[in-house]
Amino acid sequence: MFLVEIRWHGRGGQGIVTISRLLAQAALLDGKYVQSFPEFGPERRGAPVTGYTRISDEPILIHSQIYSPSIVVVVDPTLIGKIDVAAGLSPKGLIVAHSDKSPSELKSILRLNNISVYTVNAMKIALEVLGRPIYNTAMLGALIKASPLVTMDSLTKVVMERFPGTIGEKNVAVIKRAYEEAIGD
Amino acid sequence: MAKVMGLTGNEAVAYAVKQCNVDVVAAYPITPQTIMVEVISQYIYDGEMDAEFICVESEHSAMSACIGASLAGARVFTGTASQGLALMHEMLYIASGLRCPIVMGVANRALSAPLNIHGDHSDMMGSRDCGWIQIYSENSQEAYDWTIQAFKIAEDPRVLLPVSVNIDGFILSHCVENVVVLEDEDVARFLPPRKPLITIDPTKPITVGAICLPDYYFEVKFQQVQALKEAYNVIREVNREYEKLSGRRYDFVEAYAMDDAEAAVLCLGSTAGTAKVVARELRKEGKKVGVVKPWVYRPFPEESIIKALGDVKAVAVLDRACSFGAPFHALCSDIIATLYRHGKDIKVFNCVYGLGGRDITPMEIRSIFEETLETARSGRVREYIKFIGVRE
């Protein structure tokens, strides 16, 4: 059975719930079974928040929280070093991080060996394409480059549905550029 | 082709309510139910749903408005959780006593004090004797399907009782999952407009809820007992009709891997899903375990539970609420009473878990299963009441 468990790290107000859900909705369009849920707690802008996504080929019955994700996405670069973003990450796991550093530099900062790391400068892309520091959707592009969890087509569709018009188009451009620019080790 | 949507438990209930052509929604927002009524009010504002949304100042008023609207012949929905349900408490009895077929979504949440917004069953268990039909969902799909069925059950002239559709707060209310939805026309055919027997009407005044002294009160209560008994037949009929429409089979109880099971875990709601995953793993190791999940908690489906338990020798009953000072906690008391009445010698122990949203992990459920197997082997219960994952 194919089951991927993803944990998202960001801060309140950065749209963690939104991108976790967009990924789930895209996987659903691809015919997969999904769960997307936030860390259960009061929302506070700026405080570290966590989101979770499960994607599977079969109906997902489990309803406990995710303790050993195979993928961690770090949306807020300032969290690296502040919290243990790799906590519980499965041995051959993957970290996709918003960072201006190279994957190997980040790997040595995090002192991780066996896992793969992808990085993307999401802030730079957001500022250049959107003109605003909203970089959550960029992480979706980087993620599906590191691991082809959903098709670009489905992701484009759900982003356009969620943000109709220009905002959607710009976010799709952000995702595509992040897909191009994300680099792995 | 069936339409699949990604919906949270709250959204799944709201979507079902929209398709059920509800006339009146009176509700007060409370975490983790808020999004349920927020989405409904958006449907109404956007003209997707032709209903009256009554903004009220409290849950007590919400249920009062629902009762009035229901007596006037409307199809009525409300949603709440936790303190909101507690504040409604006296009106819950009035809704069932006046035989109002109201449907209520409850995003189950712990009760204060201390203040906690997370999921457990303390709220609904605190109102379990209120005369409502009570249904627990395992996931968003079930929440959607039961909400549609709930109106049909509630409004049946043989029943005329309110129904609560329960979803675990946050665990389901805020979790996006695949939900296969029906076409609006199919729901409309399944659930035609409500046909009330008697309605309040200013041109033909009647009195409802008048004082009823020792000479009649008892008979009115006895009628409620009879109506809940009658609900058994109606629920079964509605389940079968819904199966024809949707292809999804519902019943009073779901039995998972129970055919030749020696031991079982019995629980309500989303935990049953996690328990199924663990049971599947244990089955691969050759251990004969299964899961029993009552969908319908009131009326308590004794026959279905006895049938589902089959020949198991031991069962762990999981309660996500505390009945302080009671010999067993709520669900377990009901199970023990059921086994006694049917002369079944199945060893039972009670596990209290997940209070205030404390997660129950597959590892914890695995150790509960191991203990049921040990109990089945030895024929002896080691500890009658266990508290899972608590720091003592």
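In what order do the seven strands of the open sheet in chain B stand? The order is 3-2-4-5-7-6-12, and the pairing is mixed.

The model is predicted: local features need pLDDT of at least 70, side-chain atom pairs count only at pLDDT 80 or more, and totals for chains, interfaces and linings use all residues. Residues are numbered from 1 along each chain as its sequence is written, while chains are lettered from A and ligands numbered from 1 in the order in which they are written.

The sheet of chain B has strand 3 (52–55) and strand 12 (296–298) as its edge strands, each of which pairs on one side only. From one strand to the next the twist averages 20°; such angles run from 0 to 180 degrees between N-to-C directions, with axes as lines fitted to C-alpha atoms, for helices over the stretch in contact. Within the sheet, strand 5 and strand 7 of chain B run parallel and are joined by six bridges. In this pairing B:Val103 stands opposite B:Val163 in strand 7 of chain B. Helix 1 (residues 9–19) of chain B packs on the sheet, where it touches strand 4 (76–80), strand 5 and strand 7 of chain B, and its direction makes about 150° with that of strand 7 of chain B. Two residues are taken to be in contact if their C-beta atoms, placed from the backbone, lie within 7 Å. Helix 2 of chain B also packs on the sheet, touching strand 2, strand 3, strand 4 and strand 5 of chain B, and makes about 140° with the direction of strand 2 of chain B.

The loops of chain B hold several backbone features. Most residues other than glycine have a negative phi, and most peptide bonds are trans. The peptide bond between B:Thr31 and B:Pro32 is cis, with omega about 0°; B:Pro32 is placed in the loop between strand 2 (24–27) and helix 2 (34–45) of chain B. Another cis peptide bond leads from B:Ser112 to B:Ala113, with omega near 0°, and B:Ala113 belongs to the loop between strand 5 (103–108) and helix 5 (122–125) of chain B. B:Phe170, although not a glycine, has a positive phi of about 65° and lies in the loop between strand 7 (163–168) and strand 8 of chain B. B:Phe170 counts as buried because 26 C-beta neighbours lie inside 10 Å; a residue is buried if 20 or more other C-beta atoms lie within 10 Å of its own, exposed if 12 or fewer, and partly exposed in between, with C-beta atoms placed from the backbone. B:Ala257 likewise has a positive phi, near 55°, in the loop between strand 9 (253–256) and strand 10 (263–266) of chain B. With 16 other C-beta atoms within 10 Å, B:Ala257 is partly exposed.

Chain A contains six helices and seven strands, which run β-α-β-β-β-β-α-β-α-α-α-α-β from the N terminus on.

In helix 5 (residues 152–162) of chain A, the buried residues are A:Ser154, A:Leu155, A:Val158 and A:Val159. They lie on the same side of helix 5 of chain A because they cover an arc of only 130° around the axis, the arc being that of the directions from the helix axis to the C-beta atoms. On the other side of this helix, A:Asp153 and A:Glu161 are exposed. The buried residues of helix 5 of chain A pack against helix 1 (16–29), helix 4 (136–146) and helix 6 (166–181) of chain A. In helix 3 (residues 122–129) of chain A, A:Ala122, A:Ile125, A:Ala126 and A:Val129 are buried. Their arc of only 100° puts them on the same side of helix 3 of chain A.

Between the chains, 17 residues of chain A are in contact with 22 residues of chain B. Strand 2 of chain A supplies the largest share of the side of chain A that touches chain B, six residues. Strand 2 of chain A runs antiparallel to strand 8 (residues 176–181) of chain B, to which two bridges join it, and A:Ser36 stands opposite B:Val176.

Terms used
Helix = DSSP H or I, 4+ residues; strand = E, 2+ residues; numbered from the N terminus. Pairing = 2+ DSSP bridges.
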